[in-house]
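Student: Hi! I'm new to this one and would like to look at it together. Can you walk me through it?
Tutor: Happy to, here it is.
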Amino acid sequence: MLTFNRLNQGNFHNMNTVSNIGELRAALTKRQGKSIGFIPTMGHLHAGHLSLCERSTNENEVTVVSIFVNPTQFNQTSDFEFYPRTLDDDIHLLEKHNVDVLFIPETSSLYPDDYQIQLSETIISKELEGEFRPGHFNGMLTIVLKLFNLVKPHRAYFGEKDYQQLLLVKKMVDALFLPIDIRACTTKRALDGLALSSRNSRLKPDERIKAALFPELLQSELSLADIKAQLLAHGFNVDYIVEQWGRRLGAVSLGHVRLIDNFPLLPT
Ligand code: AMP
């Protein structure tokens with residue numbers, strides 16, 4: 001169970017922090033008629049998440065963020081258990097970035113059906129991340145649809161860092177005729193090129209230094225086979241390095257931490 005000390009203290013500037021569906025609906029009713037931008041997250045927020053928030057606050061009258069570490073999209077219990085949770089810091093950052101409503105639901109409230117009802121996609125979700133993380137995209141699509149139904153945003157913001165996720169969310173919105181504009185946001189990186197990710201904080205100092213080799217090699221002019229060979233030689237485990245959807249995409253791990261990234265392919 002999460003603890004959030006700053007909840008219920010009533011000292012928020014403008015942000016409504018709500019932890020159940022009734023409170024969320026009340027917060028949205030107060031803002032009826034306004035354009036809503038939505039950013040679903042799993043928390044431990046960094047400048048990548050905040051860039052999505054900034055874009056939403058620029059493009060909408062109301063910005064809603066959710067923080068929910070969704071158990072159904074984790075195929076490894078240890079990844080779920082050790083997923084970093086820093087709610088107090090997250091609340092502070094979102095307040096500073098002019099977010100209007102923060103939704104921090106409990107698992108039981110989002111899964112009254114115990115996950116008997118699931119949304120799945122049959123092609124894209126089976127490859128790459130789907131192959132290495134079975135069930136991940138069913139969990140992701142199901143929770144995003146539930147959150148869309150609750151928040152009813154006009155626009156929703158997703159990072160290109162999770163490129164396959166972005167494609168699947170767009171596909172879902174088209175297939176189910178959801179009246180939501182999905183906006184793709186570029187990947188924010190650390191100075192050494194590593195894509196910002198909540199999981200980066202789980203890298204040991206030496207792994208964190210080495211991790212920068214991943215984006216460096218992924219966007220190099222080396223062949224896919226050579227990129228893979230170099231990564232292996234430097235002690236990475238490599239799940240895949242491929243070219244697809246006009247991008248070069250890769251997934252590797254260092255120790256227990258899995259990293260994904262992608263770059264657009266340059267026109268030839
Ligand atoms: P997460 O909390 O990892 O589920 O991410 C929430 C949203 O932030 C997703 O749409 C991610 O693609 C996006 N995101 C995560 N990392 C980055 C980044 N480095 N740059 C831009 N967007 C990101």
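Student: How many salt bridges does the rule find across the interface of domain 1 and domain 2?
Tutor: There are four salt bridges across that interface. A salt bridge here is a side-chain nitrogen of Lys or Arg within 4 Å of a carboxyl oxygen of Asp or Glu. Keep in mind that this is a predicted model, in which local features need pLDDT of at least 70 and side-chain atom pairs count only at pLDDT 80 or more, while totals for chains, interfaces and linings use all residues. Residues are numbered from 1 along each chain as its sequence is written, and side-chain values use heavy atoms, with hydrogens and water left out.

Student: Where do the two domains run, then?
Tutor: Domain 1 covers 9-185 and domain 2 covers 198-263; such bounds come from an automatic or database domain assignment. Over C-alpha atoms, their centres are 26 Å apart. Domain 1 puts 21 residues into the contact and domain 2 puts in 15 residues, where contact means heavy atoms within 4.5 Å.

Student: And how much area do they bury between them?
Tutor: About 1,700 Å², with 54% of it on carbon and sulfur atoms. Buried area is the accessible area (1.4 Å probe) that two parts lose on being put together, summed over both.

Student: Which three residues of domain 1 supply more of its buried area than any other three?
Tutor: Those are Leu128, Phe132 and Tyr163, which supply 33% of what domain 1 buries against domain 2.

Student: Which residue forms a salt bridge with aspartate 79?
Tutor: Arginine 199 does, and the closest N and O atoms are 2.9 Å apart.

Student: Which elements give two or more residues to the side of domain 1 that touches domain 2?
Tutor: Helix H3 (77-82), helix H6 (129-132) and helix H8 (163-175). Helices (H or I, at least four residues) and strands (E, at least two) are DSSP runs, numbered from the N terminus. The largest share, three residues, comes from H8.

Student: Switching topic: which residues come nearest to the ligand?
Tutor: Met42, His49, Asp162, Lys188 and Leu196, out of 17 residues around the ligand. A residue counts as near if one of its heavy atoms lies within 4 Å of the molecule.

Student: What distance separates the side chain of aspartate 162 from an oxygen atom of the ligand?
Tutor: An N or O atom of that side chain is 2.6 Å from the ligand oxygen. Glycine 159 has a backbone N or O atom 2.9 Å from an oxygen atom of the ligand. For leucine 196, a polar backbone atom is 2.9 Å from a nitrogen atom of the ligand.

Student: Back to salt bridges: how many does the structure hold?
Tutor: The structure holds 14 salt bridges. One of them joins the side chains of arginine 55 and glutamate 59, at 3.0 Å from N to O. Both residues lie in helix H2 (residues 47-59), four residues apart, about one turn of the helix.

Student: Where does serine 220 lie?
Tutor: Serine 220 is in the loop between helix H10 (213-218) and helix H11 (224-233). A polar atom of its side chain lies 2.7 Å from the backbone oxygen of leucine 217. Leaving out residues up to four places away in sequence, serine 220 touches Ile227 and Arg248.

Student: Last one: what is the phi of histidine 44?
Tutor: Histidine 44 has a positive phi of about 50 degrees, although it is not a glycine. Most residues other than glycine have a negative phi. Histidine 44 sits in the loop between strand E2 (36-41) and H2.

Note on methods
Polar contact = N/O pair within 3.5 Å; in protein donor to acceptor, adjacent residues only side chain to side chain.
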